[in-house]
Amino acid sequence: MKKLNTKTIVVSGFLIALNIVLSRILIIPGIINFGGFPIIFGGVVFGPMVGGIVGAVGDILSHFLRPTGPFMPHFVLTSALTGIIPGILVKALNLNWNKPSLWKIFIAIFVGQVTTSVFMVPYFRNILFDHPLFLTMTKAATRQAVNIPTYSILIKLMVPALYKSGSLKEA
């Protein structure tokens with residue numbers, strides 16, 4: 001796990017702000033929402049703890065800045081896990097950032113997004129608001145069929161460039 005230093009805290013704050021903008025402001029509801037990307041990026045690059053913090057704090061702040069319904073801590077958990085799961089899996093898969101493997105990044109993001117966005121969020125929506133489970137899961141899976149490869153490619157392209165430029169450093 002990387003140390004929580006000033007640079008990591010500042011970048012995490014930027015990722016939280018980006019999460020809020022991408023999840024609450026720059027969206028087409030039900031069609032396009034890339035709010036999960038900053039959370040996943042934080043987890044993959046800075047570790048599961050930072051990914052979890054970015055997800056949880058981003059979800060709480062975005063709710064209070066622009067609420068879309070009642071506050072439900074269930075969704076804070078899913079947002080935190082959106083950063084934690086890929087962060088853990090990237091470490092378990094021993095990803096080499098000098099030559100990152102797209103399939104390892106894809107697997108880490110796939111497992112995290114299927115767990116949180118395809119299973120947990122629809123389940124919580126079903127038990128809390130009586131939304132039809134199968135329909136919500138199907139819509140979530142369709143969205144993730146676009147998001148997962150997009151997130152994977154973006155991370156594969158961005159992270160080596162950030163390491164090469166010196167913006168990120170190996171722990």
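Let me start with the buried side of helix α1. The residues that count as buried there are Thr8, Ser12, Leu15, Ile16, Asn19, Ile20, Leu22, Ser23 and Arg24. As a reminder, an α-helix has 3.6 residues a turn, so residues three or four places apart point the same way. The cover over the buried residues of α1 includes α2, residues 36-46, and α3, residues 48-65. Keep in mind that this is a predicted model.

Still on α1: the helix runs over residues 6-25, and at 1.5 Å a residue its 20 residues should span 28 Å. The C-alpha atoms at its ends are 28 Å apart, so the two agree. At the N-terminal end there is a cap from Asn5, with a side-chain oxygen 3.2 Å from the backbone nitrogen of Lys7.

Now the chain as a whole. There are 6 helices and 0 strands, and the order along the sequence is α-α-α-α-α-α. For 171 residues, a compact globule would have a radius of gyration near 16 Å; this chain has 15 Å, so it agrees with that rule. The C-alpha trace spans about 45 × 30 × 25 Å along its principal axes. Of the 171 residues, 43% count as buried. If we take contacts between residues at least 6 apart in sequence, 69% of them join residues at least 24 apart. The accessible surface is about 9200 Å², and carbon and sulfur atoms hold 72% of that.

Gln113 sits in helix α5. Its relative accessibility is 3%, and because the cut-off for buried is under 20%, Gln113 counts as buried. What does the side chain of Gln113 make a polar contact with? The partner is the side chain of Gln144, at 2.9 Å. Leaving aside residues up to four places away in sequence, Gln113 touches Ile40, Thr82, Val118, Gln144, Ile148 and Tyr151.

Last, two backbone angles to look at. Asn94 has a phi near 55 degrees, which is positive, and the residue is not a glycine. Asn94 is in the loop between α4, residues 73-92, and α5, residues 102-129. Is Asn94 buried or exposed? Its relative accessibility is 61%, so Asn94 counts as exposed.

The other angle belongs to Asp130, also not a glycine, with a positive phi of about 60 degrees. Asp130 lies in the loop that leads from α5 to α6, residues 133-165. At 64% relative accessibility, Asp130 counts as exposed.

Key
Residues numbered from 1 in each chain as written. Predicted model: local features only at pLDDT ≥ 70, side-chain atom pairs only at ≥ 80, totals over all residues. Heavy atoms only, no water. Helix = DSSP H or I, 4+ residues; strand = E, 2+ residues; numbered from the N terminus. Expected span 1.5 Å × (residues − 1). Buried < 20%, exposed > 50% of the residue type's maximum accessible area, 1.4 Å probe, protein only. Contact = heavy atoms within 4.5 Å. Polar contact = N/O pair within 3.5 Å; in protein donor to acceptor, adjacent residues only side chain to side chain. Rg over C-alpha atoms; globule rule 2.2 N^0.38 Å. Areas by Shrake-Rupley, 256 points an atom, 1.4 Å probe, with all protein chains shown as cover.
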